[in-house]
Amino acid sequence: MKLAPSPGVSARPPAVIDRREFFTWTAGGVFLLTTSVAAAAASDGTITPWIRIGSNRRVTLISTVSDMGQGSRTGQIQILADELDVAWDMVSVEMAPDAEPYLDEGELLTGGSRSIRIRYDLLRRAGATARTQLIEAAARRWGVQARECQASLGIVRHEASRRQLTFGDLAAEAASLPPPTDPLLKPISARTFIGKSMPMLGLEDKVCGRAQYGIDLRLPGMKRASLRQSPVFGGQLLAVNEAPALSVVGVRSVIRLPDAVVVVADSTWAAINGVRELRPSWSTAAPLLDTANITERLRAAYDGPTAESAPKENAAALKGSLRHDFASSRRRVEATYELPFLSHCALEPMNATAWVTPAKIEVWAPAQAQTAARRDIAKALSRPVGDVILHTTLLGGGFGRRLKTDYAVLAAVVASKVDGPVQLVWTREEDLTHDFYRPAGLLTYRAALDSTGLPTGCEAIGATINDTAFGGSGPAPYTLGPFVATQTNVGANIPIGAWRSVDASITVFAKESFIDECATAAGSDPLDYRRRLLGDNHRALRVLNAAAETIGWSHPHQPGHGRGLAMLEAWDTIVAHAIEVHVVDTRLRIVRIVVAADCGTVVNSGLARAQFEGGSLMGLSAAVGEAITISGGQVVQKNFDSYDLLTMRQAPPVEVVLLETPEAKIGGVGEPPVPGVAPALANAIFAATGRRLRKLPLSSQGLSL
């Protein structure tokens, strides 16, 4: 892994923080106090709820980030600790409640590579503001000028008199001081933690099994439950004989819901066994979809009356012009790409614990979307949202699945019918067959090429189940001439939701495969072709060149070997994937993956590296083998024996090259590693075999690892 600054990039303007954001962080002194002197100050509403400093010098950051192993809380600590100037091990994190001022656009949620991006500048200003007030408080107590005092690792010192006070000693006085309007931020050279590979918060507990996830929660008198939902999307429960389940030792009751049946027992194992004994009958919804007719519906919906275009302005005229140029051109490229439904497959199955009383609804859940969960639970039980108390546990994986709230709502509904707390745990079969899937999509790119082989303009036309996938389809980071994308949302009775990298997981496979096809049509090397398309985009060129150099692009490769490239610019991050493969007949071996990325500032190099490694392997798993197929209106894949996830034995080495452009806006590292893997892989296979694969997963095209 490499870290390097980026030359020749224009400096970004200072962060602009609006008045509401500023006072959110600074009102009354930036921190809540736990000293006895501070109790009165804390109660008068003049201090911010974000940072708490105790008399023992410990600092607590109230964070809006759910912990699902991504390390964002650790990064937030690094940012705060640097600007506040406290020791790394003196900062801890608490989860923020679902209330102002913690909400972002009215919601408390974790997703979209936003955990560091939207808090980086605010956390820096918060730390700097608090540090300034602490220094001022010490200066006033000693009767000296603030400029004569320095803060370091939780202590303010006056060197001339050799006096010092801890932040805990000063917290109450500092809270009463007016915050500075423009706190002085530290220069990069003075940073202690930002950019370092600090250990992930709570890692030892996770490794040793002490960490408590949602599924680990235990409450006195807690019952356990499991369920079976209608196997057909939209089906309803018609009838069920409860006797077989009630005969299982430990089973207490069977609860019928409109589209599910739930068994409540003394243990999760008894509940699961009770469910297995049931033979419910279900209604079916028409039409009963299957994968084949879904593909036909996508094709038929292309560019139809309900299609949407981006950009919206003058879309019809732009499409007309592009299509005229395409039809009249002697050099043109057109290709269609197909992608399947995907499941999230979080390691921790869906679960939540609920306790419903006349006074409150208390829920413990591994949630990504707290505001939505509270709102949906309240609606399901016809109670005020204020009655719902949600405790966010550790998440054993999210990937967007836990942005949905069904598992928490079902737990609350079941608890409303049981005396005392109930933990509802889904089986893996329920998890796979009742996911909110990454939508299936079909996408065609077409372009006319000029005499030099470059596009004179480009058009993307697609259709997606229950969604429109525009994100990632556009020209960035390239220059492709005039561009328009047209997407049709094809309705179908299949639940869909955000899957890690969202639209880009669909569109970038098509776009980056198409860029390679244009390079082939132009008789150009794919690397040189991309360089030409990037023009004077020096930052993107540096990322592309780093990936190509590290994979050894210019070096000759052996027969049956091939290398492929793909790029992405999204979430304020630029990524390039380079992959080398070896193909023998139908056997595919991934020799190595290189991923180069520039996310502006790397807050934690080790955790960023882990995100790009894990995200690349997740993208590889989806590209090679993963697919949810539908038959008779229900999911075919029931467990990991039929849903083809990448295994450790199949995983290739992943080399990460981290680049930095400190003056650029800070970018995300959770979503960006995923989309580029599939097209880079398909491009590498073409380089090795001359065979162009336009449908995922590659196993459906006869290749296997």
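The model is predicted, so local features need pLDDT of at least 70, side-chain atom pairs count only at pLDDT 80 or more, and totals for chains, interfaces and linings use all residues. Residues are numbered from 1 along each chain as its sequence is written, and side-chain values use heavy atoms, with hydrogens and water left out. As background, most peptide bonds are trans, and most residues other than glycine have a negative phi.

**Cis peptide bonds**

- Ala310 and Pro311 are joined by a cis peptide bond, with omega at about 0 degrees.
- Pro311 sits in the loop between β13 (308-310) and α10 (315-328); helices (H or I, at least four residues) and strands (E, at least two) are DSSP runs, numbered from the N terminus.
- A cis peptide bond also runs from Leu696 to Pro697, where omega is near 0 degrees.
- Pro697 belongs to the segment after α18 (677-689).

- Trp571 is a residue other than glycine with a positive phi, near 55 degrees.
- You will find Trp571 in the loop between β22 (561-570) and β23 (573-584).
- With 17% relative accessibility, Trp571 counts as buried (under 20% relative accessible area, using a 1.4 Å probe and protein chains only).
- Asp572 lies in the loop between β22 and β23, and its phi is positive too, near 65 degrees.
- Asp572 has a relative accessible area of 30%, so it is partly exposed (between the buried limit of 20% and the exposed limit of 50%).
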